[in-house]
Amino acid sequence: MIAGTNGSAPVRGLWDMKKWMCLASLALVLSVGAAGGFAAEGDKPVAKPVNSKCPMSGKPVDAEKVAVYKGETIGFCCGNCLKKFQADPAKHISKVQRDAKK
Ligand SMILES: [Zn+2]
């Protein structure tokens, strides 16, 4: 639709309505986007780690020391190993030994 080519009053009223509809759909998109972000936020590492041994030290993993990388929950033995992994996940991911799926 080309706006402003016809300056008569009835058209302007219609244009106002269009503007409001546009704003309403924008608000809808924003609220849906916010809700989606919220869901991702709640998606914290609650999943069980895919590994039972720390990829850094080989010690048993602590269920609370986990990182999510590419959709996998990786467990670590301590906060130090977790930090090291997070500093360069791509480098350390190859050391993760995933448990066999049951
Ligand atoms: Zn450790």
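## A hairpin, a helix and a core

In the hairpin formed by S1 and S2, two residues sit between the strands, and Lys70 takes a positive phi near 50 degrees. That's a handy place to start. Keep in mind that this is a predicted model: local features need pLDDT of at least 70, side-chain atom pairs count only at pLDDT 80 or more, and totals for chains, interfaces and linings use all residues. Residues are numbered from 1 along each chain as its sequence is written.

**The overall layout**

The protein chain has three helices and two strands. Read from the N terminus, its elements go α-β-β-α-α. Helices (H or I, at least four residues) and strands (E, at least two) are DSSP runs, numbered from the N terminus. Of the 102 residues in the protein chain, 13% are buried. Here, a residue is buried if 20 or more other C-beta atoms lie within 10 Å of its own, exposed if 12 or fewer, and partly exposed in between, with C-beta atoms placed from the backbone. Two residues are in contact if their C-beta atoms, placed from the backbone, lie within 7 Å. Among contacts in the protein chain with a separation of 6 or more, 34% are between residues 24 or more positions apart.

**Back to the hairpin**

S1 and S2 run antiparallel and are joined by five bridges. Strands pair if DSSP finds at least two bridges between them. Tyr69 stands opposite Glu72 in S2, while Asp62 stands opposite Phe76 in S2.

**The core**

Which residues make up the largest nonpolar core? There are nine of them: Cys54, Val61, Val66, Ile74, Phe76, Cys81, Leu82, Phe85 and Val96. Strand S2 (72-76) and helix H2 (79-87) are the elements that give two or more residues to this core, and H2 has the largest share, with three residues. A nonpolar core means a set of buried Ala, Val, Leu, Ile, Met, Phe, Trp, Tyr and Cys residues joined through C-beta atoms within 7 Å. In soluble globular proteins, nonpolar side chains tend to be buried together.

**Two sides of H2**

The buried residues of H2 are Cys81, Leu82 and Phe85. They're on the same side of H2 because they cover an arc of only 100 degrees around the axis (the arc of the directions from the helix axis to the C-beta atoms). The buried residues of H2 pack against S1, S2 and helix H3 (89-92). On the other side of H2, Gly79 and Ala87 are exposed. Leaving aside neighbours within four places in sequence, Cys81 is in contact with Cys54, Met56, Ser57 and Phe76.

**Leu82 and Ser52**

Is Leu82 buried or exposed? Leu82 is buried, because 21 other C-beta atoms lie within 10 Å. Ser52, by contrast, is exposed, with 12 other C-beta atoms within 10 Å. Leu82 lies in helix H2, whereas Ser52 belongs to the loop between helix H1 (9-42) and strand S1 (62-69). Not counting residues up to four places away in sequence, Leu82 touches Lys65, Ala67 and Phe76, and Ser52 touches Pro60, Val61 and Asp99. Each of these two residues also has a partner further along the chain:

| Residue pair | Separation in sequence | C-alpha to C-alpha |
|---|---|---|
| Leu82 and Lys65 | 17 residues | 6.5 Å |
| Ser52 and Gln97 | 45 residues | 7.9 Å |
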